[in-house]
Amino acid sequence: MGTKRHFRVWRGDSAGGDIEDFDVEVNEGEVVLDIIHRLQATQTPDLACRWNCKAGKCGSCSMEINGKPRLGCMTRMSTFEEDETVTITPLRTFPVIRDLVTDVSFNYDKARETPAFAPPPGVAPGDYRMQQVDVERSQEFRKCIECFLCQNTCHVVRDHEENKAAFSGPRYFIRAAELDMHPLDDREDRKEYAQSHQGMGLCNITKCCTEVCPEHIKITDNAIIPMKERVVDRRYDPLVWLGRKIFRRDQLDGDGMAPSSSVGVTDVAKGAPFTTNRGPEGPEVREDGRMDVTEVTLPTQGGPSPFGDQEFPLPSGRVAYQPPAPQYGVHDDGQDGDHGTDGHHQAH
Ligand code: SF4
Ligand code: SF4
Ligand code: FES
């Protein structure tokens, strides 16, 4: 026999809704999705919730639990205090369909826009050969279960519907990085595409996406930052600059580019070079190769929760990442600062 615990669950649809209170039995070893199933079985048979595997692999049961984006099937009830109220709300960045089910088609649109894998001309499927060492870096990104928790968390689109057209989001930045690092992908322009069409410039490396990824993919450190660095390299490396002056643009970017193999995607995905930028753009890279700090200038502050009393962005005490200190050097205690590889402090 378990114990009675207090739950608050948002119920409603696109026209509006409210948080409802429930007292539900909780047994040892259960996860939040178990409690939702018990609610459906005993008190609210029409409570809508999306799920499939109950094993953290299908990415369906994404929701916000006490304000933090999580998988319902991977959130153990033992992570909460015995007397703690558990509040469950839908993903906030996507339109609500009903109760905990949201319309995540934004992500499918962005997936279709992302240029697909483009093998070298003349290499047939079945003739692709790679060594494990060739795929070490990009393999991490293949762990993605498309739960869209990172997309839901990113402040560029959370509460900012107006940015969605110009911003693909972290899940598609790792897709771009994965293909950019793929030994058999023949496209040379993935970095530029990420910057000018996927809106990577709007990302200011807050690492909130990394914080919530249930697959522990280091989205920011291993995908976004390397891609940003390569954009800077291409624009400011003197040898690359010289090369771009000597060769014609079509020799550098488009000529001989293999078409992507997917059907029914955009012209760019099929291999056509892209020609126009889409706004709003992120900050420019300055002549010294740095970008301005944009946290305080971009209109990306979180608004009040539409689902009640949830606090977001996450309280700073609950995220590991802290903004970089303005100056690197020696601390008051005389020790060299530990700034990690990207110059960011990690809280412990
Ligand atoms: S690092 Fe921050 S701004 Fe960049 S994609 Fe992730 S959540 Fe969005
Ligand atoms: S990168 Fe992580 S958080 Fe984002 S969709 Fe994939 S598994 Fe989910
Ligand atoms: S039900 Fe599949 S990830 Fe939770």
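**Close-up views of a predicted model**

By class, the shell around ligand 2 holds 12 nonpolar residues, three charged residues and no polar ones. The model shown in every view is predicted.

**View 1. The shell around ligand 2.** Ligand 2 is surrounded by 15 residues. The closest are C144, C147, L149, C150 and C213. Two elements give two or more residues to this shell: helix 4 (149-153) and helix 5 (170-180). What classes of residue make up the shell?

**View 2. The shell around ligand 1.** How many residues surround ligand 1? The number is 13. C154, P170, C203, T206 and C209 are the closest. Which helices each supply at least two residues of this shell? They are helix 7 (208-212) and helix 8 (219-236). By class, the shell around ligand 1 has eight nonpolar residues, four polar residues and one charged residue.

**View 3. A hairpin of strand 1 and strand 2.** Strand 1 covers residues 3-13, and strand 2 covers residues 16-26. The two strands form a hairpin, with two residues between them. Do they run parallel or antiparallel? Strand 1 and strand 2 run antiparallel, joined by 11 bridges. Look for W10: opposite W10, in strand 2, stands I19.

**View 4. Strand 1 beside strand 5.** Strand 1 also pairs with strand 5 (residues 86-89). Here the sense is parallel, and the pairing runs over three bridges. Which residue in strand 5 is the bridge partner of R8? The partner is T87.

**View 5. R158 in its loop.** R158 lies in the loop between helix 4 and helix 5. Is R158 buried or exposed? R158 counts as buried because 22 C-beta neighbours lie inside 10 Å, and the cut-off for a buried residue is 20 or more. Now find L91. In sequence, R158 and L91 are 67 residues apart. In space, their C-alpha atoms are 9.7 Å apart.

**View 6. The chain as a setting for the close-ups.** The chain has 348 residues, and 32% of them are buried. Its elements are 10 helices and seven strands. Take the contacts in the chain with a separation of 6 or more: residues 24 or more positions apart account for 65% of them.

Conventions: Residues numbered from 1 in each chain as written. Chains lettered and ligands numbered in written order. Predicted model: local features only at pLDDT ≥ 70, side-chain atom pairs only at ≥ 80, totals over all residues. Near = placed C-beta within 6 Å. Helix = DSSP H or I, 4+ residues; strand = E, 2+ residues; numbered from the N terminus. Nonpolar A, V, L, I, M, F, W, Y, C, P; charged D, E, K, R; others polar. Buried ≥ 20, exposed ≤ 12 C-beta atoms within 10 Å, placed from the backbone. Contact = placed C-beta atoms within 7 Å. Pairing = 2+ DSSP bridges.
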